[in-house]
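Hi everyone, thanks for coming. Let me put the sequence and the model up on the screen, and then I'll walk you through it.

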Amino acid sequence: MIHVAALYVLADGPYTGLPDVDMWAITRDARQYPGPYPCVGHPPCARWGRYWSGGSSSRVRRLLGDDDGCFAAALEAVRHWGGVLEHPEASHAWRHFGLCTPPRAGGWISAGLWDPGWTCCVEQGHYGHPARKATWLYACGVELPSLKWGSSGQRLRLDEGYHSAEERRRAVKTGRCQRLSHRQREATPIPFRDVLLDMARTASA
């Protein structure tokens with residue numbers, strides 16, 4: 001029996017093969033999700049993150065928030081059916097949709113004076129990600145767990161974080177540069193997936 005819908009997820013990712021999960025991968029348009037199950041949403045973040053423009057070397061003009069309505073649809077699904085969605089820390093979607101900025105130190109706060117949801121910041125490094133991967137969550141209509149708050153310690157970087165090519169070359173030479181692949185950066189650790197699923201399941205409890 002289906003209990004949760006996983007929206008905007010990889011077809012061969014951590015939600016694959018779970019018997020109680022209705023998986024909406026790239027082959028299904030999650031913007032059209034009709035319910036009735038509570039959701040775990042992973043809407044695309046490329047146009048909402050720190051590098052939404054694609055960087056100075058990008059050959060294509062990018063627009064902030066140009067995700068074809070994916071975040072808006074995920075937010076509405078979570079508000080309507082209950083559940084939780086995740087986005088990178090400092091996502092511009094929070095300000096755009098009037099959500100409060102959660103404290104980096106952790107803890108749930110109201111998503112806004114007139115908003116029904118709650119928001120927090122948590123590092124996926126606590127749950128097995130090789131980087132700290134600070135993440136913002138928005139939850140609505142579910143029980144709010146106490147997560148592993150605060151810093152997950154010294155880990156690999158999600159991005160290069162160098163001011164020049166020469167600085168990066170020095171880091172490579174000294175062994176301080178350890179880059180993650182795109183798939184490694186985007187991956188959701190199984191323990192963190194389980195936290196999100198367990199939250200969503202409480203919406204129908």
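I'll start with the sheet, then turn to one serine and finish with the aromatic rings.

A word on the source: this is a predicted model, where local features need pLDDT of at least 70 and side-chain atom pairs count only at pLDDT 80 or more, while totals for chains, interfaces and linings use all residues. Residues are numbered from 1 along each chain as its sequence is written, and side-chain values use heavy atoms, with hydrogens and water left out.

So, the sheet. It is open, with 7 strands in the order S2-S1-S3-S4-S7-S6-S5 and mixed pairing; strands are DSSP E runs of at least two residues, helices are H or I runs of at least four, both numbered from the N terminus, and two strands pair if DSSP finds at least two bridges between them. Strand S2 (21-24) and strand S5 (109-110) stand at the edges with a single partner strand each, so one side of each has no neighbour in the sheet. Helix H1 (residues 70-81) packs on the sheet and touches strand S1 (4-7), strand S3 (39-41), S4 and S7, contact being heavy atoms within 4.5 Å.

Now look at S7, residues 134-140. How many of its residues are buried? The answer is 7 of 7, where buried means under 20% relative accessible area, exposed over 50% and partly exposed in between, with a 1.4 Å probe and protein chains only. On one side we have Ala134, Trp136, Tyr138 and Cys140, and on the other Thr135, Leu137 and Ala139. S7 pairs antiparallel with strand S4 (residues 83-88) over 6 bridges, and 6 bridges also join S7 to strand S6 (residues 118-123), again antiparallel. Thr135 is the bridge partner of Pro88 and also of Val122.

Next, Ser152, in the loop between S7 and helix H3 (165-174). Ser152 counts as buried because its relative accessibility is 14%. Leaving aside neighbours within four places in sequence, Ser152 is in contact with Glu123, Gly125, His126 and Arg132.

Finally, the rings. Tyr127 and Phe192 form a tilted aromatic pair, 5.4 Å centre to centre with 50 degrees between the planes; rings of Phe, Tyr and Trp (its six-membered ring) pair if their centres lie within 6.5 Å, and planes under 30 degrees apart count as stacked, over 60 as edge-to-face and the rest as tilted. Both Tyr127 and Phe192 are buried. Elsewhere, ring pairs link Phe71, Trp94, Phe97 and Trp136 into a cluster. Thanks, everyone!

How values were computed:
Axes fitted to C-alpha atoms, helices over the stretch in contact; angles between N-to-C directions.
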